[in-house]
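User: I have a two-chain file open and would like to go through it piece by piece. Can you take the questions as they come?

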Amino acid sequence: MSNLLGDPIVTEEGEFVINVGPQHPSTHGVLHLKIWLDGETIKKVQPHLGYIHRSIEKMSESLSYRNFIFATSRMDYLSAHINNQACALAVEKGLQIEATPRAQIIRILMAELTRLSSHQLWWGCTGLDLGAVTPFFYAFREREAIMDIMEETCGARLTQNYMVPGGVMYDIHPNFQHRVKDVMKQVKKYLHEYDELLTGNVIFENRTKGVGYLSKEDAISYGCTGPTARASGVSCDIRKWNPYDGYEKVQFEEILGTSGDCYGRYMVRMAEMKQSIHIIEQLIDNIPEGDFQAKTKNVLKLPKGEFYQRVETARGELGVYIVSDGAASPYRIKYRSPNFSNLSALEHMALGSKIGDLVAIMSTIDLVIPDVDR
Amino acid sequence: MNNDELKEAITALLPTVTFDETGEFLNALIGSEDLLPLMKALRSQTELHFDYLFCLTCVDWKDHLMMVYHLLSKDHKHTVVVKAKITDTKNPEIEAVTGIWKTANFHEREVYDLFGVKFKNHPDMRRILLDEDWPGYPLRKNYVDENMISL
């Protein structure tokens, strides 16, 4: 017996072969998983990628150093600011310039607002994946306010394209500071509701505790980063390890878990939201006066050589590797995306679990598929 | 370890290695045939202990292909970039490092998909992003696509 794709439905060993996706609500995008099942137990998982591969690396080879940055907003669209920041920093490294002090603070503020809003969306979707519909609406209540701030200053809600080499594209909107303060007040007031809705919920705990275990050694070997690795006790926050844009002057804690299961990853992200708020509150009244953009030439040319920049997005470590041959566009660009490596550990986490647990594992890795496919 | 100590340790493992320190990291340039024994030693020796492969990619320099491995040690906090030169651009081949770092599995499949480098002893050598029957390897400099419009 075979399915429409011509694959056998039952293997010779008696294992069921099922396809999840590419269009499936719990994969958060067009991810296709082929799963071998013994009853309800997962025996093998094979991710099939590339449904939205846009070949951003190839495209960048024919774009200028100003233009290629904008394509990266479409990679991890929930961390668009931080992707742009990584590219801007890599170009700045090549040009041996730095963003102005005012731009650096604006960049950190925007990056942390992005991280906060990304974690909020993840929190809502995790609830949705595990059968709790209400959290989604609560998460969007504050997320919308953050998106409005982004729209006011950057002119876009999702693909902001705000960071440019040398600083940011425009100065912040006059309303920016007081609106951010208002939103932070609101988020802090409502953050306990997040805990009341999901964290202590018995059904939620039973579905996530002890599920999808990832050991510390495996997390490093699989190249996992971000909350996925930190829940297993791997210290990997680039903001602490290789500070950029003045993160060394900001006070915050790197959140580390020990359990390495879905619940651990959940708790790490919940704590990271509080840290992001903490960072924003430190900086929002201390934006220095001055230029928002350093002076750069119209046509940017990087000297011959290689430049590598690592940043911490909401999902983990993003690496931008630029190889320059001295021309006005990069010779080769590689994006080492956090989701690509995190996804490679999915099979390891899911083996031996029940099929229903796969949804919990996928949603706590917090996959964004355009970032996997690029 | 600082860069000089790293250079000494790596030269002890592979005398033919050459170094390039012009960039941000220490670059160790080797031939593709020396890759696997060196990588195994870099991972397993306690004073080096490069346990985290944070980037694996390839660069097409037209007359040769360069495999680039960014390695970091979580314990010792030192970094090295190993570059393995593949001279045969028609049938590029190199040993897989998937057995040493599991993250290499997906990254090597990506390099195979976009550059056509075959990895020997890789457990699952299939294309990862493009279709199995896609003609050519898009990130190679000699790749021609008639539908591509240059801006």
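**Helix packing, then the rest**

Analyst: Start with helix H4 (residues 101-129) and helix H14 (residues 355-365), both of chain A: they pack with axes 9 Å apart and at an angle of about 175°. Helices here are DSSP runs of H or I with at least four residues, strands are runs of E with at least two, and both are numbered from the N terminus. Axes are lines fitted to C-alpha atoms, for helices over the stretch in contact, and angles run from 0 to 180 degrees between N-to-C directions.

User: Which way do H4(A) and H14(A) run relative to each other, parallel or antiparallel?

Analyst: H4(A) and H14(A) are roughly antiparallel. The cut-offs are under 35 degrees for roughly parallel, over 145 for roughly antiparallel, 65 to 115 for roughly perpendicular, and oblique for the rest.

User: Which residues make the contact?

Analyst: H4(A) contributes A:Cys125, A:Thr126 and A:Asp129, and H14(A) contributes A:Val359, A:Ser363 and A:Thr364. Two residues are in contact if their C-beta atoms, placed from the backbone, lie within 7 Å. By class, the contact of H4(A) with H14(A) has 2 nonpolar, 3 polar and 1 charged. Nonpolar covers Ala, Val, Leu, Ile, Met, Phe, Trp, Tyr, Cys and Pro; charged covers Asp, Glu, Lys and Arg; the others, Gly among them, are polar.

User: What am I looking at, and how is it numbered?

Analyst: This is a predicted model, where local features need pLDDT of at least 70, side-chain atom pairs count only at pLDDT 80 or more, and totals for chains, interfaces and linings use all residues. Residues are numbered from 1 along each chain as its sequence is written, and chains are lettered from A and ligands numbered from 1 in the order in which they are written.

User: How many helices and strands are in chain A?

Analyst: Chain A has 15 helices and 8 strands. Its C-alpha trace spans about 65 × 50 × 35 Å along the principal axes. The radius of gyration is 21 Å, in agreement with the value near 21 Å for a compact globule of 374 residues. That radius is taken over C-alpha atoms, and the globule rule is 2.2 Å times the number of residues to the power 0.38.

User: How much of chain A is buried?

Analyst: 49% of the 374 residues count as buried. Buried means 20 or more other C-beta atoms within 10 Å of the residue's own, exposed means 12 or fewer, and partly exposed is in between, with C-beta atoms placed from the backbone.

User: And chain B, what is its pattern along the sequence?

Analyst: Chain B reads α-β-β-α-β-β-β-β-α-β, with 3 helices and 7 strands in total. Of its 151 residues, 38% count as buried.

User: Where do the chains meet?

Analyst: The contact takes 25 residues from chain A and 23 residues from chain B. On the side of chain B that touches chain A, strand E3 (52-60) and helix H3 (104-115) of chain B each supply at least two residues. E3(B) gives the most, with 6 residues. That side of chain B has 13 nonpolar, 6 polar and 4 charged residues.

User: Which residues of helix H2 of chain B are buried?

Analyst: In H2(B), residues 35-44, they are B:Leu35, B:Met39, B:Leu42 and B:Arg43. Seen down the axis of H2(B), they fall within an arc of 95°, so they line one face of the helix. The arc is that of the directions from the helix axis to the C-beta atoms. They pack against strand E2 (26-31), strand E4 (65-72), strand E5 (79-86) and strand E6 (93-95) of chain B. On the other side of H2(B), B:Pro37 and B:Ser44 are exposed.

User: Back to chain A. Is A:Glu312 buried or exposed?

Analyst: A:Glu312 counts as buried because it has 27 C-beta neighbours inside 10 Å. A:Glu312 sits in strand E6 (residues 305-312) of chain A. Leaving aside neighbours within four places in sequence, A:Glu312 is in contact with A:Asp237, A:Ile238, A:Arg239 and A:Glu317.
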